[in-house]
Amino acid sequence: MDTTVFLQLLLPGFTTGCIYALVALGFVLCANVSGVVNFAQGEFVMLGGMAAAWLIGLGVPFAVAILAATALGAVAGAAQEVLTLAPVRRQPHFIQITTTVGFAVVLRGVTLIVAGKDALSVPGFSGDGVFFLFGAILPVPSLWVWSATVLLLVGTFGFLRYTSTGRAVRACAINLQAARLMGVNAERLRVIVFAVSGATGALAGVVITPIVLASWDAGLSYSTKGFIGAIIGGFRSPSAAVGAGLFIGLLEALSAGYVSSGWKDFIVYGVLMAWLLLQGGVFLRGRVDATVGGP
Amino acid sequence: MRLRLLSLCAAAVVGLAFGRAVADEPEFAIGVVASVTGPFAAPTKDTFDGFNAWMKLHGLPGRKIVLQTLDDETNPVNASNAFRKLASDPKISLIYLFINSNSAMAAKSFASEFKVPIITGGGADTLGVPADPWMFKVAPSNRDYMIALSEYIKRKGYTKIAHLYSTDTFGQYDHTNLEKLAPQYGYRLVANESFAIDDTSFNAQFTRIRVAQPELIYSSASARAAILSFKQYKQLGMTIPLVVPGAAISKAFFDAIGGAADADGLMMMTQRGSLGAGLGGVSAKYYAELADGLGRTPVFFNVFGFDVGLITAGAVEHSDGSRQGIRDALERLKDLPAINGPVTYTPADHTGQDARSIALGKLEHGKSVPAE
């Protein structure tokens, strides 16, 4: 296969990877401030897409629908923290994680009831045409995905690096107890981070919908792939999670193109397994005590 | 597992609207396992629309049909559980499976256990042959479809074919049959690309297909996969003729791709019912009734739903109304007129419709016309 074919596989894989990267980023941010793996992360993508498609279907102008869908994601994220996670904060970790799964199911169910069971489509924000990049044919909505991803990543990393709230988030990630002693209001931060994660995921859902449609049951797939990205990224560094999310998208596309479309999931999950085994020190002699959360 | 009990009271409402004295009529309870939600929801909705149109126009004279519907969420495990629950209810005389092949196959494994007649959707050959005494398929087998497609390929002189198929039962049967028929009809499968029914990107598959340079693509995708794969086929600017199953074409399909005109030229392996006006005879009469009942051009699963009603009437009217009686009457049906084509069952073959009911259509402004 030639370069054009390579790019034809790579670039759409990059588009999908952008969404996985944003979901992975949400996983890591939420985990850093709350210590909880938020399995509802992919549902924010679904929620954003469904909300935008539903509103646009009702005749709401594009810009308003996009803003409303993003705001809805933020509200859902904040509500998840305040209503479901804060009350179980002192419970064992598995309870908190199970709560996020429960929230995901509820979000899915509510969306199904409100927006219906059919997959919803949204016309491309600047048309449904295609453009050529080094011989590869790509749908114009891909540009929106790429732009939104860059915008969201710049915004998120700028927020983390240059604002006092962002620095507090990083401080919590490094040492929650020390951050509290320095006067950081961890509870408030959690709400902010969950809202930002929700908004980020929802906007990702909005921009990907013209390419893949929106459906009430699409969130699980995004959660799974984003989770894999977060794991491979180490679940600590937001930038590593973003890189790993992009990697998963590219790996999926390239393995489908160069190996077999039937093998792509096998390869992605195979890489995850291999990574976990490597990280767990399974292949290192004498290191048998590695467990999740440390020895 | 969540199962939702959805009581559909359409029969009573429709009956009252038509002035029938439904209150005095004995109830005829039909259990329905349906994919009300999940990837197969759109075809199921179309099936219900078609069946409701039949109920509105015909129904079962002297009986009030009561549907008891359980949602399988397009999940074979849920379908099995829902089937068991409905079949265990002695009030239910007949069960419909408005679900995909995968789920229907799951139910077939214990269809005889409850001794309740079943009329099932799904295209997989093994739903009808070998015949389970209690399960009756409606649509022709995959092999019938693939024979019709292969004959078209031979007539056009094509030798290089690409197949895009799902990893579920329906897709696997399509692929197996095409592989078996290829040597006989003188063509090669130069690209064999699979996908999962919840996949959202078909870019890699179409890229590999483009590289293989086939003369025709047959895509087994239906429901959401059909929408996404067709959108991406168009986005990639592909001009290789594309054939899809008739099941792929639904109202949701047209809505999602931006309108019926965008699908102009798309070919489909479909049952004759989709050709509407060209049917002639009793089929044409039923088709016109269905179109009137729906208030629009019927799509594939509307016709399927209507035909399920006709088969039900054909069996119930010639039975004592018991489960065994209905089963026996179903097995005696021979060339029962239906929109898609005549329905015949034998003790060895519970497929229902056959190759006589298949045609290759082409979409023009949302309507199917003969492709040749």
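Two residues are in contact if their C-beta atoms, placed from the backbone, lie within 7 Å. By this criterion, 72% of the contacts in chain B with a separation of 6 or more link residues 24 or more positions apart. The model is predicted: local features need pLDDT of at least 70, side-chain atom pairs count only at pLDDT 80 or more, and totals for chains, interfaces and linings use all residues. Residues are numbered from 1 along each chain as its sequence is written, with chains lettered from A and ligands numbered from 1 in the order in which they are written.

**Overall fold of chain B**
- Chain B contains twelve helices and 15 strands (DSSP runs numbered from the N terminus: H or I of at least four residues, E of at least two).
- The C-alpha trace of chain B spans about 65 × 40 × 40 Å along its principal axes.
- Of the 372 residues in chain B, 59% are buried, that is, with 20 or more other C-beta atoms within 10 Å of their own C-beta, placed from the backbone.

**Helix α11(B)**
- Because 15 of its 17 residues are buried, α11(B) is largely enclosed by the rest of the structure.

**Seven-stranded sheet**
- An open sheet with mixed pairing has the strand order β8-β7-β9-β10-β11-β14-β15 in chain B (strands pair if DSSP finds at least two bridges between them).
- Its edge strands, β8 (188–195) and β15 (367–370) of chain B, each pair on one side only.
- Strand β7 (residues 160–166) of chain B runs parallel to β8(B) and is joined to it by seven bridges.
- Ile161(B) has Leu189(B) as its bridge partner in β8(B).

Notes
A residue is buried if 20 or more other C-beta atoms lie within 10 Å of its own, exposed if 12 or fewer, and partly exposed in between; C-beta atoms are placed from the backbone.
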